[in-house]
Amino acid sequence: MYGKNKITNQKDKIKNNKKQEMAYENFPHEADIGIRGIGKNIEEAFEEGAKAMFDVEVDIEKVKAIKKISVKCQAINIEELFIEWLNALLTQASLNEMVFSKFKVKIKKNEILKIEGEVFGEKLRKKHNIKDEVKGATYSQLKVFKKNNKYIAQCIVDV
Amino acid sequence: MDINKFKKINDYEWEIPKTAEMKVPGRIFASKKLVEDMDEKVWEQVSNVATLPGIQKASLAMADAHWGYGFPIGGVGAFSAEEGGVVSVGGVGFDGGCGIRTLRTNLTLKEVQPKIKQVVDTLFEIVPAGLGSRGKILLSDKDVDEVLKLGAKWIIEKGYGTEEDLKYIENNGVVKGADPKNVSDFALRREKRQVGTLGSGNHYLEIQYVSDIYDEKAAKVFGLTKDQILITIHCGSRALGHQIGTDYLKVLAEASRKYKIPIHERELVCAPINSPEGQRYFSAMCCALNYAYANRQVIVHLTRQGIKKVFPKAEIKTLYEITHNSAKKEKHKINNKIKEVIVHRKGSTRAFGPETKEIPSAYKSIGQPVLIGGTMGTSSYILHGTSEGGKAFFSACHGSGRAMSRTRAKKTWYGQKIVRELQEKGIYIKGHSMAGLAEEAPGAYKPVDDVVDSIHSAGLAKKVVKVKPIGNIKG
């Protein structure tokens, strides 16, 4: 699937020097929407995947990264960790009535995999161009893999 | 899909032959044309569901079936606890209790059409909708527990509706077995502010009129007449249901490993019905169902207030309410024995036939109303359940079913243009998201007439009336 779709480079003000290596995009699914993050390591792929998901909800370039929230999650394998990460973000966004645009992921590997993440955003407003509500990240089309020296994390989100 | 791969049972029933891994065959209720137009993924997903432990008779898909996650959308599967049967988030989705309420009024098309803009604008202000919207009621911790346990019953006791409403909600607005202890603190906190909100995506509130009557006798039983104004509300369990779905996806992924259940698509993770994990998920899912009943009831209350602002003498009664994302304990005749099963319907409407004890006495002679939502530019249908429906665990389709991805729909249509085109056809649309409107373009769906004709011809439910929209609020 990767390679067939054009990867859209997004303006990344925080890591502008890395914008050639990091990207996010949507891919089609008949009922819902596929989200995909690409980075030079898994952490970056997870960060970009989060951007792809919030870009389903709003135009994330319109979201200022002014408030920080800490997000923790864990899972027994890397793919389930990606889903836990995305769902933890949706929970925090909903509880805080926020939307996020900047993400920092640190993965700790012990017996289980853990994420200690920091996410940045602001209160959800009409100016963000509100689109679809994401109900949850699903195991459908879930893959975390390496291709051409890039890491890719993807799944279908239910809208 | 290649029709030649199927075993033809009749013109509206197509069998996916059982393989070594499948415990039962698959079966799709649709015309040849609709089956041919379906995504190959439907075959795969129906077949994967058929491999799950304890599945009964057949893994089913309705005429509106399309590629989902886990079960196809339009999928039905019944599982017996005694035979190791399972419950799965993939058979319900992330919006447990999503469904449709249809209200009938004493208003006519002639009265409402000239004021449709005023009606829609009023309801748009009154009914909260769209991402991040807040409800008008803030629930206390105790209230939250009561809503999850008692659903629409509790909300009506608080003054948001009538006892008569309750009679015409599936399960009388409350399912048993809902224990809030099985719902996470995150889910409870997310719920507090959202009761009485429409949501987004394909959720809507629509003002419609009865355009065609197919069965005069049944229409009379349902209290429907030509050109009568109906109001339909489509929404679900909001963030509470979403959080329950995501919480239990993880629990059931672990349970699938613990109980060594072979999973052919990851989203089908599940737990035996009688396991602690299965019991907890079922109980939490029942909480989502009850919350969805309560949520729609509050929207009904707000809708009544809005309509009465424009038409003070309007009488607005509940025709019926159904859910189309659920797992429910029901008794069905399987191999000549009555068995208790958990029927998963993911994008499928329960369609109980005549004389079923669960349906309101007023409808006993013809079966329950089966409410099928079309698109904002076409039409919707009201059917009635039949005695023949047992072959599909008394289930029918739920809508027209998507034929095009949201991504492609957004590239094909613009929200503003759709609003203009529909206005020219006499349908006034107001949406909270222009991108959302484009995704929900009528052209992105299968033709609802063909879908409903298939269900009618398959005998799963029979057409009573067709309704057409004159106004629609999209979430």
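Predicted model: local features only at pLDDT ≥ 70, side-chain atom pairs only at ≥ 80, totals over all residues.

**Getting to know chain A**

- Chain A has 159 residues, and 61% of them are buried.
- Take the contacts in chain A between residues at least 6 apart in sequence: 64% of these join residues at least 24 apart.
- Within chain A, E122(A) and K127(A) form a salt bridge through their side chains, with an N to O distance of 3.6 Å.
- How accessible are these two partners? E122(A) is buried, because its relative accessibility of 8% falls under the 20% cut-off. K127(A), at 46% relative accessibility, counts as partly exposed.

**Where chain A meets chain B**

- On the chain A side 37 residues take part in the contact, and they touch 45 residues of chain B.
- The two chains bury about 3700 Å² between them, and carbon and sulfur atoms account for 51% of that area.
- Which residues of chain A lose the most area to chain B? They are E30(A), E133(A) and Y139(A), which together make up 22% of what that side buries.
- Between chain A and chain B there are 8 salt bridges. One of the salt bridges to look for joins the side chains of R257(B) and E80(A), at 2.8 Å from N to O.
- The polar contacts between chain A and chain B come to 15 residue pairs, counting pairs with both residues at pLDDT 80 or more.
- Three elements of chain A, namely β1 (23-28), α2 (78-96) and β6 (136-137), each supply at least two residues of the side that touches chain B. The largest share comes from α2(A), with 10 residues.
- Sorted by class, the side of chain A that touches chain B has 14 nonpolar, 11 polar and 12 charged residues.

**A phenylalanine to find: F94(B)**

- F94(B) sits in the loop between β6 (86-88) and β7 of chain B.
- Is F94(B) buried or exposed? F94(B) has a relative accessible area of 0%, so it is buried.
- Beyond its neighbours within four places in sequence, F94(B) has contacts in both chains: those in chain A include K135(A), G136(A) and D158(A), and those in chain B include Y69(B), H242(B) and L249(B).
- For a sense of distance, F94(B) and A255(B) are separated by 161 residues in sequence and by 18 Å in space, C-alpha to C-alpha.

**Strand β7 of chain B and its partners**

- Strand β7 of chain B covers residues 99-108 and is largely enclosed by the rest of the structure, because 7 of its 10 residues are buried.
- β7(B) pairs with strand β9 (residues 228-235) of chain B in the antiparallel sense, over 7 bridges. Here L103(B) stands opposite I231(B).
- β7(B) also runs antiparallel to strand β11 (residues 316-323) of chain B, joined to it by 7 bridges. In this pairing R104(B) has K317(B) as its bridge partner.
- As background, side chains in a regular strand alternate between the two faces of the sheet.

- How many salt bridges does a search of the whole structure find? Over all chains, the search finds 46.
- In helix α1 (residues 32-37) of chain B, D37(B) and K33(B) lie 4 residues apart, about one turn of the helix. They form a salt bridge, with their closest N and O atoms 2.6 Å apart.
- D37(B) is partly exposed at 49% relative accessibility, whereas K33(B) at 52% counts as exposed, because exposed means over 50%.
- Another salt bridge links D179(B) and K181(B), whose closest N and O atoms are 3.9 Å apart. D179(B) is partly exposed at 28% relative accessibility, while K181(B) is exposed, with a relative accessible area of 72%.
- Finally, look for a network of salt bridges that links R402(B), R406(B), K410(B), E439(B), E440(B) and K474(B).

Terms used
Residues numbered from 1 in each chain as written. Chains lettered and ligands numbered in written order. Heavy atoms only, no water. Buried < 20%, exposed > 50% of the residue type's maximum accessible area, 1.4 Å probe, protein only. Pairing = 2+ DSSP bridges. Contact = heavy atoms within 4.5 Å. Buried area = accessible area lost by both parts, 1.4 Å probe. Salt bridge = Lys/Arg side-chain N within 4 Å of Asp/Glu carboxyl O. Polar contact = N/O pair within 3.5 Å; in protein donor to acceptor, adjacent residues only side chain to side chain. Nonpolar A, V, L, I, M, F, W, Y, C, P; charged D, E, K, R; others polar.
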